[in-house]
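Here is a short report on one protein model. It covers the pockets and the sheet.

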Amino acid sequence: MAEDRLQQLIEDTLTYSERGEAELKIEDYRSLRRALHTDVLDIIAADRSFFVLGSYNDEEKRRLGKTVEQLYNDGHAFLLDDTLEVWENWTTHFKIYADRATHIIGVFEHADGGHEWEAGYLDHREYRRKTYILKRRYPSTVPTDEPFDGMMAHYMLLVDRRGQLVEWDGDENASAAELERSLEAAIDEFRDSELSS
């Protein structure tokens with residue numbers, strides 16, 4: 001069984017990195033085997049696995065960590081940073097884990113950073129059913145002034161139409177504790193609506 005999983009991991013790596021099998025060195029095979037046994041199998045074996053995405057700026061990454069902690073009782077929750085980095089291209093790394101997670105949870109507070117690319121990629125059909133967004137809402141800001149550009153705002157509108165978006169309040173002047181409480185309430189709402197069955 002593990003050999004089948006390793007072969008699939010190798011095939012996905014070759015596909016996503018656009019490399020030929022002849023380009024893989026013995027060190028690559030060893031690295032992929034280590035990744036498989038370090039965290040890929042944990043994600044595959046879990047009844048539920050939560051791939052948590054968002055901005056890695058210090059304050060926002062702390063909230064991502066809290067999201068992982070809160071979801072961990074419901075399944076295997078993780079950030080990309082929690083996984084073994086064996087792929088030279090981070091997009092390959094991202095796709096490998098996005099394919100294997102049962103749930104992808106975007107904690108989006110703005111459109112600045114690599115998570116905007118991730119959100120765009122997740123609009124592919126195979127990810128739609130398992131992608132949920134916890135969107136930070138800025139109550140005292142006019143909606144057109146929220147820090148989400150057109151692409152990100154449109155993507156969240158599509159996710160909302162599928163009933164897979166939960167908003168949480170977080171004005172710019174809110175304290176870290178207030179933001180954390182609001183996000184926790186959004187996570188609870190997600191759990192109640194999506195994980196109760």
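How many nonpolar, polar and charged residues are in the lining of the largest pocket?

## Largest pocket

This is a predicted model. The lining of the largest pocket has six nonpolar and four charged residues, and no polar ones. The space inside is about 220 Å³. In total, 10 residues line the largest pocket, and the closest to its centre are Lys-135, Glu-146, Ala-153, Met-156 and Glu-167.

Two elements give two or more residues to this lining: helix H7 (150–161) and E5. H7 provides the largest share, four residues.

## Second largest pocket

The second largest pocket has a volume of about 150 Å³. It is lined by 14 residues, and those closest to its centre are Gly-54, Tyr-56, Gly-114, His-115 and Glu-118. E1 and helix H5 (115–121) each give two or more residues to the lining. The largest share, four residues, comes from E1.

By class, this lining has six nonpolar, five polar and three charged residues.

## The sheet

Five strands make up an open sheet with parallel pairing, in the order E2-E1-E3-E4-E5. Strand E2 (76–78) and strand E5 (165–169) are at the edges. Each has a single partner strand, so one side of each lacks a neighbour in the sheet. On average, neighbouring strands are turned by 20° against each other, direction ignored.

Strand E4 (residues 131–137) runs parallel to E5, and five bridges join the two. Arg-137 stands opposite Asp-169 in E5.

## A helix across the strands

Helix H8 (residues 176–195) lies across strand E1 (49–54), strand E3 (103–108), E4 and E5. H8 runs at about 160° to E5.

Definitions and conventions: Residues are numbered from 1 along each chain as its sequence is written. This is a predicted model: local features need pLDDT of at least 70, side-chain atom pairs count only at pLDDT 80 or more; totals for chains, interfaces and linings use all residues. Side-chain values use heavy atoms; hydrogens and water are left out. Two strands pair if DSSP finds at least two bridges between them. Axes are lines fitted to C-alpha atoms, for helices over the stretch in contact, and angles run from 0 to 180 degrees between N-to-C directions. Contact means heavy atoms within 4.5 Å. On a 1 Å grid over the protein atoms alone, a cavity is a set of points where a 1.4 Å probe fits but cannot get out, and a pocket is an open set with protein on both sides within 12 Å along at least five of seven lines; lining residues have an atom within 4 Å of a point. Grid points are joined across faces, edges and corners, and a volume is the space filled by probe spheres set on the points. Ala, Val, Leu, Ile, Met, Phe, Trp, Tyr, Cys and Pro count as nonpolar, Asp, Glu, Lys and Arg as charged, and the others, Gly among them, as polar.
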